[in-house]
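Have a look at the structure first, and then we can go through the spaces one by one.

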Amino acid sequence: MEKNIFSKIASKFYNKSLKLINTLSNDTDLKKLINNSEIVSFDIFDTVILRKVFEPADIFTIVENLYNDEHKKLDIDFKSIRGNAEAEATKILAELNGTQSIGLDEIYAHIQKTQNLDSKVINILKALEIEIELKFCVKNEYMHSFYQYCIDNGKKVIFTSDMYLPEYVIKKILYDNGYTKFHKLFLSSVIRKSKSKGGLYPHILKDLSCKPSKLLHIGDYYFADVINAMKEGIKPYYYKKTSEYALSHHSFKRLRQLYPSKLSIEESIYFATIINKTFTQRDNNNENIWYDFGYVYCGIIYFGLTRWLTSQVLHQEIEHIFFLARDGYIMHKAYSLMNQGAKTPVSKYMYASRRAINIPTIYNGIDEYSIKVLCHFVPNLSVANYLDRVDIDATKHIKKIKEVGFFDQNHIIDTDNDKDKLAKLFHLLVDDVCSIAAVERENLLIYLNQIGFMDAKKVAIVDIGWQGTIQNSLNKLMLLENNEIDINGYYLGTFQTVLKFAEKGFPMSGYMCNFSEPKNNFQVLSGGVHMLEFIFSAPHGSVIKFDKKNDEVIAIFEPNDFSNNKLDTINEFQKGAMDFISDFMAIERDYKKINIAPETAIKPISRLLKTPTYSESVNFGNLKHSEYVGANSHESYFAKSPDPLKMYLNPIKFKQTYNKSLWKAGFRKRYMRYILPENIYCFFRKH
């Protein structure tokens, strides 16, 4: 017994010594290692081939789900039983004849024997597993480039795998994913020897009549692919498993911690999709932060929202869907992509804004709601700016401006008293406001007719949400015109303030939160309004109003508030998001329709909003939010100080800059990470 203990200690010491030697001597230049080798051996799974699920065992859940959908429901915990069967069957056969590795037939024979299942059931399950493996395996583009480099440079390529799947299945997986040229496949289930047990490498060296120093082996499992290869004198290259590599990144680790330890299949597919896309490379030369942002954080929101919306409009028998500018721009693109060829309601992109839709509803006087529209506060704007917003020339109304208490039209609206005076001024200008609103109302109605809004009895409007003011104004407009159209509102989220409209009987629903519920989702949305509106950007300015031009009515836009750099940023992350949707839809075709729960979709952006990395606080903090009133705008950084040094030297200035920042967590990470780390800040805030 003492000998066995000593042997184990010696083995552990030997393995750790090999690991240290490999760490010190491992050349990270893979192409250089390939150049210095005659034969290159690639591990298959998690190296050249990736799966579309986070954990390999999730394949078994998919098999069980598909079996239950198509046949009588299994009365066993198939995932658990299938997961344990390989080790159990291998142990039995190893004791009988020293076998190091077994195949799929033996695994299912063990399941049939221990679970007393019918042969027909076993054969269906086994066939389903093979089918799903074929569909859920995907090429690792990064590693394929090194495989291609080997082929182009005349290297002899072999594939080496500890795998239970039949040889013909492995070969089909390789061929289907672009690995069509190789000298030989060494498969543990065929040879009955494995890398992990150490028997496969001597077999390969003997079969190839190869000196160990001439062979390079590339793999992801450190013990089997590095330690055991080194024991035989083979040069190893450690390619860390993509999921482990992802978890070594702080941002991804935090994201993974937001989800349960046991992921749902939808969550597993999501994680695998983003990992396979963004964590396969081992250099940052091709890193694109904005594309990756779209792929990882935005795509799942667009996908989940669109799938939910499609289900809602079909259930409610909506005739036409109108995606409201500007937030509806990317929503419309996602809806069109995800419903190609499907029998879904006709959709259109509708130019709209609070200003363009709300002002035309002012009729026969100014009520409290109209005042809120007219006096919508934007910092640093004058009385003249507010009047200009509704096409009123301030110079023609100096007397009334002074009558309510302003010195002149250049007075900046700042205090509550200023806002009260502004409201009184609009009441004095009621005739002018109503006259302008009447003209705009006529043009708006013509535009709505042009786009077919008035052609249906039941329509849906789709927007980012929050207050529901545009839906209320459209209903008010239809009432003025005695036009009975059932307008249903679908939003990313609605806040509690929208209840006053819902109580009028307006049908409205939010994907991530309804009337500020659930609270967790509401807190993320309400705390990240500007970031979310950035995510749902469109490549044009906000709509001011509608005007007649020749024989039609067209939208009049505010100046586009996007610089070329910002527009490039938006295009890049929206491209990433749309690519995510395409990739996710491809998985659906191989599995079944996937619905993304709001809690699943909101967690990635929640991670970014609440616990950004320093680089994220800089990249996203440099973004600006612009708000226009007429031709005048107010810009605010998400989380950036124009003069950090002055801010640090002046505590009052620091507090003012912090309070004005649109993204507080980003500001704290960027400027306070050493003064007040986030975990300490959260502790004090909590207590």
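Which helices and strands each supply at least two residues of the lining of the largest cavity? They are β2 (49–51), α12 (242–247) and α14 (265–278). Please keep in mind that this is a predicted model. Searching the whole structure turns up two cavities of 30 Å³ or more.

**The largest cavity**
- Its volume is about 120 Å³.
- The lining is made up of 13 residues, and D46, R51, V53, F54 and T242 are the ones nearest the centre.
- With three residues, α14 gives the most to this lining.
- Sorted by class, the lining residues are six nonpolar, three polar and four charged.

**The second largest cavity**
- This cavity holds about 40 Å³ of space.
- Its lining consists of G527, G528, H530, M531, L609, F638, L662 and W663.
- Five of the lining residues are nonpolar and three are polar, with no charged residues.

**The second largest pocket**
- About 1100 Å³ of space is found in this pocket.
- Its lining counts 41 residues, with I274, K277, T278, F279 and D292 lying nearest the centre.
- The elements that each supply at least two lining residues are β3 (137–139), α7 (141–152), α13 (250–257), α14, α15 (289–315), α27 (564–590) and α29 (614–621).
- By class, 18 nonpolar, 14 polar and nine charged residues form the lining.

Key:
Residues are numbered from 1 along each chain as its sequence is written. This is a predicted model: local features need pLDDT of at least 70, side-chain atom pairs count only at pLDDT 80 or more; totals for chains, interfaces and linings use all residues. Side-chain values use heavy atoms; hydrogens and water are left out. On a 1 Å grid over the protein atoms alone, a cavity is a set of points where a 1.4 Å probe fits but cannot get out, and a pocket is an open set with protein on both sides within 12 Å along at least five of seven lines; lining residues have an atom within 4 Å of a point. Grid points are joined across faces, edges and corners, and a volume is the space filled by probe spheres set on the points. Helices (H or I, at least four residues) and strands (E, at least two) are DSSP runs, numbered from the N terminus. Ala, Val, Leu, Ile, Met, Phe, Trp, Tyr, Cys and Pro count as nonpolar, Asp, Glu, Lys and Arg as charged, and the others, Gly among them, as polar.
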